[in-house]
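Hello,

Here is the structure I promised to pass on. Please open it first, then read my notes below.

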Amino acid sequence: MPQSDNLPAGAAGHAPGEEPLIRFDKVVKRFGRNVVLRELDFTVDAGERVTLIGPSGSGKTTILRLLMTLERVNGGVIWVNGDSLSHMRRNGRLVPANEKHQREVRKKIGMVFQQFNLFPNMSVRRNITEAPVHTLGISREEADQRAEELLDMVGLRQKIDAHPTQLSGGQQQRVAIARALAMRPQILLLDEVTSALDPELVAGVLDVLREIARTTDITMLSVTHEMAFAKDVSHRVLMFDQGRIVEEGPPEQIFGDPHEERTKEFLHAVLEG
Amino acid sequence: MTFFDLLPLYLNGAWYTLLITLGGCALAFVIAMTVGIVGSVRNPVLRAAAAVYVEVFRGVAALVLMFWLFYALPLVTGYRVEPVFAAILALGLNVGAYGAENVRGAIKAVPRAQYEATVALNMTPVQRMRMVILPQAWAQMLPTFGNLAIELMKGSAVVSLIAVSDLTFVAQQLRTFSGDTALAFTAALVMYFIIAQVLLFFVRMAERRADRRLGRAPAKPTRRGGRIAAAVKGGGA
Amino acid sequence: MTFDWGFVGEVLPDLLLGLRYTLLATVVSYAFALVLGLVVAMVRRAAPRPVAAVVHWVMEFIRCTPLLVQLFFVFYVLPSVGVQLSPLTAGIIGLGVHYAAYTAEVYRSGLEGVPRGQWEAARALSLPARRTWTAVVLPQAVRRVIPALGNYLISMFKDTPLLFAITVPELLFEANRLGGQYFKYLEMMTVVGLLFICVSVPAAILIRFLERRYAAI
């Protein structure tokens, strides 16, 4: 794991003026009257692995979806590498972001979904190569070579010309991980990537993610109910409830010695249930 | 005179029917795709424009539209419109409006998760549509497109009313010449039925291909009728 | 060439008389199609297999061939075998039979939508077949088919100009006659188009409302 011991535990640990990779600044998100995030502040540093836990409806997934620009904030600002997701600078002022600006910021971010969301109209190969060829502008040959390497890594090289529907859920999810990585993102968002899988297929997917965590310095933000996995890969765990961070800390502390009553209740329910 | 003596006449009529059907289908397809895609974008002005097109051209029967193009338009422009061209234009504009609704519905039916995946892969709106949304919507559009093609073919019979010598026109002529009314029209009906079955055969083939591409099991033969036909009927005149 | 609104005003009563024929033909044919379609759907469900198959192919044939030629067939062929028909009657028969082939499909899918359990429950209660249909199955099926049937009403309305071809003095016929008589085709054809839009667009909006309200099939 890359320099996990030196990583700061949160925004407080930053040298003044040094910008974290991701910064949520008083972010508010509502769906109708339902307030999902209430003036949320938190930061993630480059290379950091952060796991978001908490009961369903606590806003974890919304955080990932906001980062991926699948949702818009109702208040506050999300900064990625010093750029706002929702706003852009024009003549020194902040104006609402246009599609072009959003695409520029999105370049750095990849996402793996709970339901895989592979494209059923494309083979595994094209699922992985199409976006790099058309949005990053790399050559077909290079994209193909990269696809093969990534499929090697997820153990599905032999399935390169298969159709997504011919794969098991676990295999589809591994392809989805390869597809996200083919875009060479700086940040990888993992949204309950094992929740839709049959129990015996979960381990294969988590092993791939552990491998990515071990061999790359990609920043990972995951929402998961797999506590053992969270313990293994994360530098920091954030416990969410009702749109707020209830508690945060290194996994050993959160899982071993939670301070907050709400965290204890939640972990008890998840681990015993 | 036996039917076989008349066969060349009927085949000639069938040729015109086929020509107008294919021409109309081509025009209707282009309109359906364009208006359907425009109707599914987020921009409210574009969407409203597409909706107006659909309502207006679904609202007027192809026959009325054809008469307008053939009789009224020349009075405005000073140019006479070729009857075959007026027919293709009227049928294409009319069926295109139904097709546009079909395209829009099929685009809307593509799961939102697929759109989200395209955002996560940072595709442009055009790339999303071209590479992911339309290829998936295609399989859903095809059965209704097939029904619309049949409706358009049936609708093409109205061209006989502006003296294009299609199948119906030939049948009418033979009725007046030979007096064997039953034979004249039965022969025409059978030939229309054959053309329809051939069209359906090609559509079914395309449907199976599209389903295979999406890795779906070959679907059961699509039924005409039911809700799909409800949305479709009236496509022709 | 200017658009002569004055002329339109003058002949409007004649046009509205034509529109009356249009609406009359629509309503009567539609009622005919609703009843005949239901009979066809029930025959296809209850009759012996060969009969049902024949009915199926006859309906397929009707759906795959032009209404205009079917109208000619009724108008010209039936009198030659001794059945004398007025143009309007011939038109109503042609329209009604053509649309029955479509409404039968609507009923069929409506009936298929009634869960098997409902039939089984009726049998378990030893309801006679007649009661099973009228008290259990049809009330459930009808509700589901209302929007689809509504769509056919609009379609049928838009198909009535074809009656022009068999000399029914409906809207297009009148417009064409007046247009030819005074050489005012532009005005007449435009007004016909507008009248159609005026009726069918609000009707379509109403159907969409019904679709939202009732469970559509």
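**A hairpin in chain A**

In the hairpin of β6(A) and β7(A), Asn91(A) takes a positive phi near 50°. Two residues lie between the strands there. Keep in mind that this is a predicted model.

How do the two strands run? Strand β6 covers residues 87-90 of chain A, and strand β7 covers residues 93-96 of chain A. They pair in the antiparallel sense, over four bridges. Look across the pair and you will find Arg90(A) opposite Arg93(A) in β7(A).

**Where chain C meets chain B**

Now turn to the other two chains. How many residues of chain C are in contact with chain B? The count is 51, and they touch 49 residues of chain B. Together the two chains bury about 4,200 Å² between them. Carbon and sulfur atoms carry 71% of that area. Three residues of chain C deserve a click: Cys64(C), Val69(C) and Lys158(C). They supply 13% of the area that chain C buries against chain B, more than any other three residues.

Which elements build the chain C side? Those that give two or more residues are α2 (49-63), α3 (67-80), α4 (87-112), α6 (129-159), α7 (171-182) and α8 (185-213) of chain C. The most comes from α8(C), with 13 residues. By type, the residues on this side of chain C divide into 32 nonpolar, 10 polar and nine charged.

The record comes from an unreviewed entry.

- Residues 20-43 of chain C are 100% helix and 0% strand, with end C-alpha atoms 34 Å apart.
- Residues 188-210 of chain C are 100% helix and 0% strand, with end C-alpha atoms 33 Å apart.

Start with the hairpin, then move on to the interface.

Best wishes

Definitions and conventions: Residues are numbered from 1 along each chain as its sequence is written. Chains are lettered from A and ligands numbered from 1 in the order in which they are written. This is a predicted model: local features need pLDDT of at least 70, side-chain atom pairs count only at pLDDT 80 or more; totals for chains, interfaces and linings use all residues. Side-chain values use heavy atoms; hydrogens and water are left out. Contact means heavy atoms within 4.5 Å. Buried area is the accessible area (1.4 Å probe) that two parts lose on being put together, summed over both. Ala, Val, Leu, Ile, Met, Phe, Trp, Tyr, Cys and Pro count as nonpolar, Asp, Glu, Lys and Arg as charged, and the others, Gly among them, as polar. Two strands pair if DSSP finds at least two bridges between them. UniProt positions are given in the numbering used here, feature names are shortened, and annotations may be inferred rather than shown by experiment.
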